[in-house]
Amino acid sequence: MLITIPDVLDTATLTHCRNRLASAEWVDGNVTSGHQSARAKRNRQLPEDSAAAREVGGIILQALSANTRFIAAALPQHVFPPLFNGYGIGERFGTHIDNAVRQHAASGTRIRTDLSATLFFADPGSYDGGELVVEDTFGSHSVKLPAGHLVLYPSSSRHHVTEVTRGERVASFFWIQSMVRDDGQRQLLWDLDQAIQQVSVDRPDAPSVVQLTGVYHNLLRRWADV
Ligand code: NI
């Protein structure tokens, strides 16, 4: 399941973050790789303890903590401090699966990666290639979103970033440990949540809204680890 979260950052915040990232010092991307991905990865990254990464990462986490669509989709327990990568011409990231557990060196935070997130910082028209391609049981999905938009996908899925052939793709990437670790259960809760939202718009006084909301919370109570 891929879920898009539009407009995580507003225009002014996005501009501020882009300027901060543009003036930061980038290093070879393999510093955060496991063995498997070190061979596949060719890109640049901000050191995770750099001032720019911490500042912009904090802005992202703040924005996500108030984003109801993100919260409903991810049911976040822990969010890894956001990392940042840049792909110039000829750079790409071959097919891989993200490590199951990630430890953030600076904070010591350790999480199980249930969901992977990519937040796009470059306008799609400013670069060619650089699509995030995620494989699931229904085939391959190619993702290239407007700046400020985010995509969530299961960390268990194989994925890659295609080679950039023009311009530069700048993005933030991070992981979420969900209160509901099972993708199928989380998907059901998301579908139910979306249906309840729609019914409460279509028929705000319908008693079934209360009943369905009760079902949602009773399923969450059954499945959540907090
Ligand atoms: Ni990955």
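Reader: Which residues coordinate the nickel ion, and at what distance?
Author: In this predicted model, the donor atoms are NE2 of H96, OD of D98 and NE2 of H159.

Reader: What spacing do the donors of the nickel ion follow along the chain?
Author: Along the chain their spacing reads H-x1-D-x60-H.

Reader: How many residues apart in sequence are the parts that the pair H96 and H159 ties together?
Author: H96 belongs to strand β7 (residues 92-96) and H159 to strand β14 (residues 159-161), so the pair links parts of the chain whose separation in sequence is 63 residues.

Reader: Are H96 and H159 buried or exposed?
Author: The cut-off for buried is under 20% relative accessible area, and for exposed it is over 50%. Both H96 and H159 are classed as buried.

Reader: At what angle do helix α5 and helix α6 pack, and how are they oriented?
Author: Helix α5 covers residues 183-202 and helix α6 residues 207-223, and their axes are 10 Å apart. The angle at which α5 and α6 pack is about 160°. Angles over 145 degrees count as roughly antiparallel, so α5 is roughly antiparallel to α6.

Reader: What are the classes of the residues in the contact of α5 with α6?
Author: The α5 side includes L188, L192 and I196, and the α6 side includes L212, Y216 and W223. D193 in α5 also takes part, and Asp counts as charged. By class, the contact of α5 with α6 holds 12 nonpolar, 4 polar and 1 charged residues.

Reader: How are α1 and helix α3 oriented where they pack?
Author: Their axes lie 10 Å apart, and the angle is about 165°. Since angles over 145 degrees fall in that class, α1 is roughly antiparallel to α3.

Reader: Is the crossing of α1 and α3 left-handed or right-handed?
Author: The residues that meet there include H16, R20 and L21 in α1, and A52, E55 and I59 in α3. By class, this contact has 6 nonpolar, 2 polar and 2 charged residues. The crossing of α1 past α3 is left-handed.

Reader: Where is A24, and which residues is it in contact with beyond its neighbours within four places in sequence?
Author: A24 sits in the loop between α1 (11-22) and β2 (27-28). Its relative accessibility is 17%, so A24 counts as buried. Leaving aside neighbours within four places in sequence, the contacts of A24 are L46 and A52.

Reader: How far apart in space are A24 and S50?
Author: In sequence, A24 and S50 are 26 residues apart. From C-alpha to C-alpha, the distance is 8.3 Å.

Reader: What is the phi of D7, and is D7 buried or exposed?
Author: Most residues other than glycine have a negative phi. D7 is not a glycine, yet its phi is positive, about 50°. D7 is placed in the loop between β1 (3-5) and α1. At 55% relative accessibility, D7 counts as exposed.

Reader: What is the phi of L75, and is L75 buried or exposed?
Author: L75 lies in the loop between α4 (68-74) and β5 (76-79). L75 is not a glycine, but its phi is positive, about 45°. With a relative accessibility of 4%, L75 counts as buried.

Technical notes
Residues are numbered from 1 along each chain as its sequence is written. This is a predicted model: local features need pLDDT of at least 70, side-chain atom pairs count only at pLDDT 80 or more; totals for chains, interfaces and linings use all residues. Side-chain values use heavy atoms; hydrogens and water are left out. Donors are N, O and S atoms within 2.8 Å of the metal (3.2 Å for Na, K and Ca); water is not among the atoms, so sites may look incomplete. Helices (H or I, at least four residues) and strands (E, at least two) are DSSP runs, numbered from the N terminus. Buried means under 20% relative accessible area, exposed over 50%, partly exposed in between (1.4 Å probe, protein chains only). Axes are lines fitted to C-alpha atoms, for helices over the stretch in contact, and angles run from 0 to 180 degrees between N-to-C directions. Angles under 35 degrees count as roughly parallel, over 145 as roughly antiparallel, 65 to 115 as roughly perpendicular and the rest as oblique. Contact means heavy atoms within 4.5 Å. A crossing is left-handed if the near helix is turned anticlockwise from the far one by less than a right angle, and right-handed if clockwise.
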